[in-house]
Amino acid sequence: MKKLRNIKYWTYGVFCCAVLLSCSENLSDAVSGKEAGGEPETFTMNYILPDTETGNDRIYPDTESGNRAMESGHPFATRASVVPIANEQESKVSNVALLFFERDDYGNGLFVGRCDGTVESDHLAKSGKVAVTLADPVKADTGYNVLAIANADSYFSSGSYLADYCKDKTENRVRLLLTATMPHTPKYVCEFPDAGLPMSGTAVKEAGKDMTVSLLRAVARIDVKVADEKKDDIILTEATLRNVSSRIPVFNDPKDADALMLASAEPYVQAVNDTVIRGGLYLPEVFRTGFADDVASRSRQAACLLVNCHNKDYTGTRTWYRIDIDIDDEGVQYLRRNNAYTVEISRIRSLGAETPDKAYNGDATLIKAVTIPTEWKTPEGMTTPPVVDIQ
């Protein structure tokens, strides 16, 4: 009987040791899963919204000055002018999607995982910080290639779309094929979300270190102005855009492809002091060809501006005009992301149309205008960064 009692106590002791060991292991796991006073591991992602690199890379022999080019009737003029950001939307970062890929110098690493973040307050600046909290399968002690998309939630069909799309794909494949969708109404009117413009950038995340990424706006901005020498003769009222592509190239170059063409939302953007429209007219990056000889294709697909303007002494209603934006002599239209273009009106040659729709389907030569590539900059001094928590 005594022997049985000893065996019973021995078994109970083993059981208690096992329980204590299990608790100790769980406690050890809980402690080891935290760093720096119980906080999970994080790193800082610094983002920068750079100025546009150049206005236009085409060079012409007769463009020694912008005025000379306009006087000669050349479709382009280049001038060293600065166009600051026009409103909060242009530099607003509401949320960030970070796509992590296996580190590979040639972009052949497979997709690992995604982290998300939301900016808690409106922010108008050209730089900011994002505090990234890491979780499996992304590791702090591992290096990655990273694709960053700002304001992504507004331009993809669902919150899980990006991770689902990237699964089992290499970084190169995602960069070449990923496109976002311009939100639009059933009547094909595009609507840029309040969250901000789509932006994207690439970076390398070194193991155990912070990361910096440049976010380029994936859209071009179109401004309108009356030429300085015509401000006493021409009145500019409002403007809108047509043939806005529904596809937004996120990392890849824009390509000629069939896409649903949209119109800008109403109300149309109003002019200030009857002479200038700055901000409010945006469209995804454009690269379209074949407009030199195909008039019908140019009418349906060339990104164009519809302007309501008239000579000061005109009191009628035929005041709407179509302007095809920045098409070169070879019939190529290339409006680059993160660039601003100013359409400058210098002369009204004839009466226009009574409505925007009639102007869209009408003659695009009734008004003389020149497209001036300009620099899209952020005002100096607005650099206080927000802190963003990404889970």
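1. Buried means under 20% relative accessible area, exposed means over 50%, and partly exposed lies in between (1.4 Å probe, protein chains only). By that cut-off, Lys225 and Glu344 are both buried. They form a salt bridge, with the closest N and O atoms 3.9 Å apart; the term stands for a side-chain nitrogen of Lys or Arg within 4 Å of a carboxyl oxygen of Asp or Glu. Lys225 sits in strand S11 and Glu344 in strand S23 (residues 340-348), so the pair links distant parts of the chain, 119 residues apart. Helices (H or I, at least four residues) and strands (E, at least two) are DSSP runs numbered from the N terminus.

2. On the basis of the note: this is a predicted model, in which local features need pLDDT of at least 70 and side-chain atom pairs count only at pLDDT 80 or more, while totals for chains, interfaces and linings use all residues. Residues are numbered from 1 along each chain as its sequence is written, and side-chain values use heavy atoms, with hydrogens and water left out.

3. The salt bridge count comes to 15. Lys225 and Glu344 also belong to a network of salt bridges with Asp228 and Lys231.

4. Asp357 and Arg242 meet through their side chains in another salt bridge, at 2.7 Å from N to O. This pair links distant parts of the chain, with Asp357 in helix H6 (residues 356-360) and Arg242 in strand S12 (residues 234-242), 115 residues apart. Asp357 is partly exposed at 46% relative accessible area, whereas Arg242 is buried at 13%.

5. A salt bridge also joins the side chains of Arg298 and Asp324 (2.9 Å, N to O). Because Arg298 lies in helix H5 (residues 295-301) and Asp324 in strand S21 (residues 320-324), the pair ties together parts that are 26 residues apart in sequence. Arg298 counts as partly exposed at 28% relative accessibility, and Asp324 as buried at 13%.

6. The largest nonpolar core has 53 residues, and those with the most contacts inside it are Ile222, Leu305 and Val307. Such a core is a set of buried Ala, Val, Leu, Ile, Met, Phe, Trp, Tyr and Cys residues joined through side-chain atoms within 4.5 Å. Strand S11 (residues 219-226) gives the most to this core, with five residues. Beyond four places in sequence, the contacts of Ile222 (heavy atoms within 4.5 Å) include Leu241, Leu281, Leu305, Ile325 and Val343.

7. A second, separate core has 23 residues, among them Val93, Ala140, Tyr144 and Val146. Tyr144 and Val146 are also touched by Ala203, as are Asn145, Met211, Thr212 and Val213, leaving out residues up to four places away in sequence. Ala203 lies in strand S8 (residues 199-205) and is buried at 13% relative accessible area. Its C-alpha atom is separated by 5.2 Å from that of Val146, 57 residues apart along the chain.

8. Some backbone points deserve a check by eye. Most residues other than glycine have a negative phi, and most peptide bonds are trans. A cis peptide bond joins Glu266 and Pro267, with omega about 0°; Pro267 is in the loop between strands S15 (261-262) and S16 (269-270).

9. Asp274 lies in the loop between S16 and strand S17 (276-277) and is partly exposed at 41% relative accessible area.
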